[in-house]
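Thanks, everyone. Let me put the chain on the screen, and then we go through some of its charged pairs.

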Amino acid sequence: MSPMPPSPLSVLWGKSDAGGSPNLLLQHLFDTAAVAELIWEHYLSPGTRRWLDACSAARGKHLYALLAGLHDVGKASPAFQAKVPDLARRVQDAGLSWKRLDKDSAAWHHTGAGAVILRTVLPQHNWTPQSVDWVWPLIAGHHGLVPEAEKLLVARRLGNAQGRGQEWVAAQRDLVEAVADALGVDLTDIGSLLLPSRGRQLELSGLIIMADWIASSDHFPGIDAFSQVSMDGARQRADEAWRALQLRGGWGDAPYAPALDLIASRFGRTARPLQTAGIHLAEQMTGPGLTIVEAPMGEGKTELALAAAEVLGRRFGRDGVFVGMPTQATSDPMFGRVLDWARELDSAVPVGLLHGKRMFNAQWNDLQQRVHFAGVDEFGCDDGYGLVDAGRWERPEQAPAEWFLGAKRGMLMPVVVGTIDQLLHAATRTKHVMLRHAGLAGRVVILDEIHAYDTYMSQFLLEALRWLGDAEVPVILLSATLPPEQRESLIRAYVQGATRRRTPELPQSASEARYPLITAVSVADGAARREARTAQPWRPSVPVAVDVLDEEPTDDPERLIDLLDERLRDGGCALVIRNTVGRAQKTYQALADRWGTDEVLLLHARLTVAERAARTERALDLLGPPKDSVARPHRLIVVATQLAEQSFDVDADLLVTDLAPIDLLLQRVGRLHRHDRPVSQRPERLRSAQVVVTGIKRQPHAPPAFPRGSEYVYGRYLLLRTAALVVEAADKDGWSVPLDVPALVSQGYSVETAVPIEWSDALQVAEQAWTSAEAARRAKAKAFLLSGEEQLGTPTLAGLHARATGELQDDDAVAAVVRDGPESLEVVVVRRTAGRYLTLGGRSLGPNGDASDNQLAEEVIGSTVRLPGRPEITAAAKATLTPLPGWYGNPWLQRARALVLDDTSSAVLAGTRLTYDKQLGLLTEQA
């Protein structure tokens, strides 16, 4: 009598090589379910657990573990099992046979096969159609792309790939039931699920991927003997992996105590009026919503946002924050502030920094070094830290677990500071976008400097707000001030998501003409509620004299030199802001020739990252908040580009700035007389605030002329509108700041605002061009949006990636999608002479560019600079610039592009000569 064939479940394999041995499919499913149980207990925010419980009759943990455990059920199909011949024969010997697979059948992916299996098996257990419809896309999308339902119909044509015959149907059903039985889940009993919002479905999709990736790590070696497969064993393996990886979530679900003075307890200072008003408003919101804080510098917007985030988080079940900043440069100082705040809140909550140059942040490096010193190696393995706080495994010194630092995982960290691109990426239809939403959904989102985002970027911000509103994620937006139309569009987007309606009813508030202003909108039972608060400004409004320095629309700084010579005769610290790098470089060169390099400092985006960081630190040290240890210079002129607009905490005695749109111009004015200091520290002629506007040439009976670069950056229309306001202020009594700010911003963007009659025709032409360009930019962005307004109200994730835009592998790729304008690349600048490579500082790298020494590697990486965003230069850099041979194996340099300079510190790329000058930065000229 021939022996009975083995059970199909005993031979179906999930991984062909897991640490040297195959891993049976059932074991991998058990492992993933066990990891999901730990994620539920030790990582998920209270709010996430609540909604999972709410849609599953208080069985949220079972539901999450079940879906995670079923993620790879589609591997029980011939298309997958045939991939490894030796393992395939075992499956066929067990009675699961298939005909020869053609090319199309072999390409049938197990994600689609899994969705087909669930759509077949779950209805047999009386799952409702609604439940099946929103669950199957989670399985189909666990490799990062969610297909439309029509894609699954191919299984009918490729039945041989999916599995024909009762043997395959029975094995697939048995696999689903085995996972449910191991978890103690009655499939029939749990099958009447409520329909969560798409935002929450996307969060759950990401959490399933998170569990799968952990269970696919080296901590889960293969088990090839069916007798060793068990749920108990899976839970033991998951416990050991969790301990080794040192994973944890945010600050948990401790209730919020309204009597606590958060500003005093977290920041050690008395709350300012606006902060008190904002915290009280957060305490009174009826649900998670959108809060917009508009206030000038000095009001404590950042501290208010962090304190309000704690209130909203504890009230509505979020236990972390994401803080988004406009640039890497602004993210770095914010990281330090968030570190200090988080330490007061929960001394062990992990805090992450998320941008491509974080290795240059001293505090980030210090965190990582302390972790390694404590005994956690580069793979995240520990040396025996104990279990504390009811089962949470802690890493020392607020450092995130190493696992979170892997590709696409950064947004899963409990507390994160990063560039706004990280959030905008969550609004793109890209692969694994659900991982970003899995992190965001458990957090409070804080976005700073909202005024800095143009029309193109704003489309992604609005899309992100729709998804965050759909998932009921509290959002706090910070700005100096916003045009009323922009404020309304932000509110509308969030309410659209929260109500799932394209044209929701938006309540108005009559009090929003005041300043500073806090606007809060929340949605309950489908209706939006809006409240506004204001407070007495912390600092009184001060008069700002406005002058116009008529300049020809060239980069000749001769008139500027004369102005500064007169205004700084007795000393003083001036900030000169130019709208383009080239204009800033020419200005610096002329000023340095006049006053010397000790009294003139240049800051722009085409310096190497190390040089820019050093100069920024010097500027902040000399012109930042008063310190007893640092004397204010007798005279200093800082020449900068738009870098000085955002989170640049310097105090200038005099501001000279190129014309820019009014909201950005006022943001620059915020650097003028920024800090309280004794009158004696300012020269007598600069003791009153003065701004001189350049980049404008007034012409009799005609509109003004502007430098070509300014028009390229901002467009002629907004420059004309702002010029009218500037000329009026110069001819009258200037501005009172911040008292006049809301009215000025409103006038700068309102079509009702009058301009001189002789400008009317030019303004009309410019407006038409601007309107057309803005429409084109919105249309361009729409092609990349995750879903868009048209999909509001769609019940499930099916078809989310029907038109996928692919993967964004690095910061440059992300920026190319979410920031308008031509793509630009970063390169690492080195020199080559006499057959060997040198750093910019002159240290030898040998004939291959070897940078194995850590200090040497840091110097090399510090020579990273961004190329001009010209298409021909970008294309040439992609085609010809590669890592040096000695860089391979270095995690930071092996993907870097080397720009090799000759003995004259130059290189030619696409017909452009690129020269790196230590003082001026990267220079360009026709070769």
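One definition before the residues. Buried means under 20% relative accessible area, exposed means over 50%, and partly exposed lies in between. Keep in mind that this is a predicted model.

Start with helix α25, residues 609-623. Look at E611 and R615. Their side chains meet in a salt bridge, 2.7 Å from N to O. Why can they pair up along the helix? E611 and R615 are four residues apart in α25, so about one helical turn separates them. Are they buried or exposed? Both E611 and R615 are buried.

E611 has another partner. Its side chain also forms a salt bridge with K918, at 3.9 Å, N to O. The cut-off for a salt bridge is 4 Å, so this pair counts. Here the chain separation is 307 residues, and the pair links distant parts of the chain. E611 sits in helix α25, while K918 is in the loop between β27 (912-917) and β28 (921-926). And K918 is exposed, with a relative accessible area of 59%. That value is over 50%, which is why the label applies.

There is also a network. Salt bridges with shared partners join E551, D555, R578, R583, K586 and D658 into one.

Next pair: R685 and E566. The side chains meet in a salt bridge at 3.0 Å, N to O. How accessible is each one? R685 is partly exposed, at 31% relative accessible area. E566 is partly exposed too, at 32%.

How many salt bridges does the count come to? The total is 54.

Last stop, a glycine. Where is G526 placed? G526 is in the loop between β11 (517-524) and β12 (527-534). Its relative accessibility is 33%, so G526 counts as partly exposed. What does G526 contact, leaving aside neighbours within four places in sequence? The answer is T499 and R501. For a spacing on the fold, take G526 and R198. They are 328 residues apart in sequence, and their C-alpha atoms are 16 Å apart in space.

To recap, E611 is buried, and E611 meets both R615 and K918. K918 is exposed. That's my part. Over to you for discussion.

Note on methods: Residues are numbered from 1 along each chain as its sequence is written. This is a predicted model: local features need pLDDT of at least 70, side-chain atom pairs count only at pLDDT 80 or more; totals for chains, interfaces and linings use all residues. Side-chain values use heavy atoms; hydrogens and water are left out. Buried means under 20% relative accessible area, exposed over 50%, partly exposed in between (1.4 Å probe, protein chains only). Helices (H or I, at least four residues) and strands (E, at least two) are DSSP runs, numbered from the N terminus. Contact means heavy atoms within 4.5 Å.
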